[in-house]
Amino acid sequence: MVFAAGGLLWRDGLDTLAVVHRPRYDDWSLPKGKLEPGELLPETAVREVEEETGFAVRREGFAGRYQYEVSVGPKTVFVWHMRALAERAPPDDEVDELAWLGVDEALARLTYDLERDLLRRATARDGR
């Protein structure tokens with residue numbers, strides 16, 4: 001099993017969500033990445049979201065998880081709600097574009113059904 005973590009990164013006062021474009025896959029996705037040795041999933045989530053968006057973040061409540069198959073077996077992604085605190089640096093080289101979108105726009109832009117499903121579930125629970 002491969003473990004990964006990421007976030008639904010929100011901007012305060014603007015009910016907008018960060019989605020990232022990854023040129024390697026030519027997709028739009030939620031910021032996320034694989035667990036590194038010695039890391040806990042919440043630490044991975046914060047690190048990956050900060051690297052892929054360039055924003056310092058505050059991790060909040062758990063948003064959910066999803067799973068899919070990769071070449072080495074199942075991959076499970078754990079996702080937390082997060083708040084953007086301040087822009088720190090440009091996103092890492094895995095990302096060439098960051099878009100801040102409303103929920104409906106994000107649902108239309110995201111490439112993967114599993115991420116759209118997670119976003120629907122997570123926003124229905126918290127009334128967004």
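Lysine 32 counts as buried because its relative accessibility is 10%, where buried means under 20% relative accessible area, exposed over 50% and partly exposed in between, with a 1.4 Å probe and protein chains only. This is a predicted model: local features need pLDDT of at least 70, side-chain atom pairs count only at pLDDT 80 or more, and totals for chains, interfaces and linings use all residues. Residues are numbered from 1 along each chain as its sequence is written, and side-chain values use heavy atoms, leaving out hydrogens and water.

Lysine 32 lies in strand β4, residues 32–34; strands (E, at least two residues) and helices (H or I, at least four) are DSSP runs, numbered from the N terminus. What does the side chain of lysine 32 make a polar contact with? The partner is the side chain of glutamate 115, at 2.8 Å. A polar contact is a pair of N or O atoms within 3.5 Å; within protein, one must be able to donate a hydrogen and the other to accept it, and residues adjacent in sequence count only if both atoms are side-chain atoms.

Lysine 75, in strand β6, is also buried but has no salt bridge, meaning a side-chain nitrogen of Lys or Arg within 4 Å of a carboxyl oxygen of Asp or Glu. Its nearest side chain of opposite charge, glutamate 115, is 8.9 Å away, with Lys and Arg counted as positive, Asp and Glu as negative, and His and the chain ends not counted.

Finally, valine 79 is 47 residues from lysine 32 in sequence and 8.1 Å away in space, C-alpha to C-alpha.
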